[in-house]
Amino acid sequence: MSQRPLILVTNDDGITAPGIRTLISVMNTIGDVVVVAPDSPQSAMGHAITINSTLHIEKVTIDGKQSEYSCSGTPADCVKIAVNEILGRRPDICVSGINHGSNSSINVIYSGTMSAALEAGIEGIPAIGFSLLDYNWNANFEHCKSFIETITRQVLENGLPEGVVLNVNLPNLEKEAIKGIKVCRQAKANWKEEFDKRTNPMGREYYWLTGKFVNMDKGEDTDEWALEHGYVSVVPVHFDLTAHHTIQKLNTWNLND
């Protein structure tokens with residue numbers, strides 16, 4: 001490339017989260033970095049956007065040589081406003097994360113981290129969402145760096161098919177214990193929800209969402225299998241939700257009488 005790539009960095013844990021600070025440090029070794037990230041945690045926001053209130057951005061200085069802006073909106077908002085109002089040219093890549101916690105399997109649906117990456121994909125920008133399987137705010141992200149750099153450089157070198165972004169999850173292991181990187185499919189798994197019903201001091205009932213993650217998929221080509229067996233999982237995902245394999249069958253229905 002004739003110039004250093006322009007890299008847009010965002011996340012859903014907030015601009016000061018340790019995960020995004022690590023991601024920024026890696027991206028600074030690859031290209032010119034502009035950060036546009038939420039000013040507060042926005043986990044599990046999915047692809048929400050702000051339409052019923054105003055958005056605010058503020059230029060901030062936290063560390064390093066990158067340009068940074070905090071945004072009052074969601075992760076998807078951050079990408080939209082970066083592309084339309086902040087960046088002087090289209091970024092060569094958008095990276096989101098490093099998320100504090102898993103975004104494998106069905107979690108991709110709820111993830112603000114991945115929704116930011118998907119929003120970039122909608123804009124025609126190659127994008128990657130990175131997550132570490134450790135929900136601790138003070139998680140150690142050091143072992144993630146080399147894998148993140150490798151995958152990012154490969155995307156910059158090879159590109160991605162139109163509409164495809166990468167969902168990358170990293171196991172919570174020491175670097176020496178990680179066996180490598182596996183390209184996978186999304187496991188068939190979901191959350192079995194439970195609601196913890198309580199009563200507040202005023203006598204009003206309220207609920208806390210709880211539950212457990214259930215993996216029904218026994219395949220050895222899934223992200224869950226890879227992570228359980230010590231690999232970094234890479235799942236290509238896209239925003240086209242059409243069930244193409246069902247179109248032919250639906251066309252046999254008697255829909256026009």
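The questions and answers below concern the strands and helices of a predicted model.

This being a predicted model, local features need pLDDT of at least 70 and side-chain atom pairs count only at pLDDT 80 or more, while totals for chains, interfaces and linings use all residues. Residues are numbered from 1 along each chain as its sequence is written, and side-chain values use heavy atoms, with hydrogens and water left out.

Q: In what order do the nine strands of the open sheet lie?
A: Strands (E, at least two residues) and helices (H or I, at least four) are DSSP runs numbered from the N terminus, and two strands pair if DSSP finds at least two bridges between them. The pairing in this open sheet is mixed, and the order is β3-β4-β2-β1-β5-β6-β7-β11-β8.

Q: Which are the edge strands?
A: An edge strand here pairs on one side only. That holds for β3 (57–60) and β8 (180–183).

Q: Which residue of β4 is the bridge partner of K59?
A: Strands β3 and β4 (residues 67–71) run antiparallel and are joined by four bridges. Within β4, the partner of K59 is Y69.

Q: What angle does the direction of helix α2 make with that of β2?
A: Helix α2 (residues 75–86) packs on the sheet, with contacts (heavy atoms within 4.5 Å) to β1, β2, β3, β4 and β5. Axes are lines fitted to C-alpha atoms, for helices over the stretch in contact, and angles run from 0 to 180 degrees between N-to-C directions. The angle with β2 is about 135 degrees.

Q: Which residue stands opposite T199 in β10?
A: Eleven bridges join β9 (residues 189–199) to the antiparallel β10 (residues 205–215), and the two form a hairpin with five residues between them. Opposite T199 stands E205.
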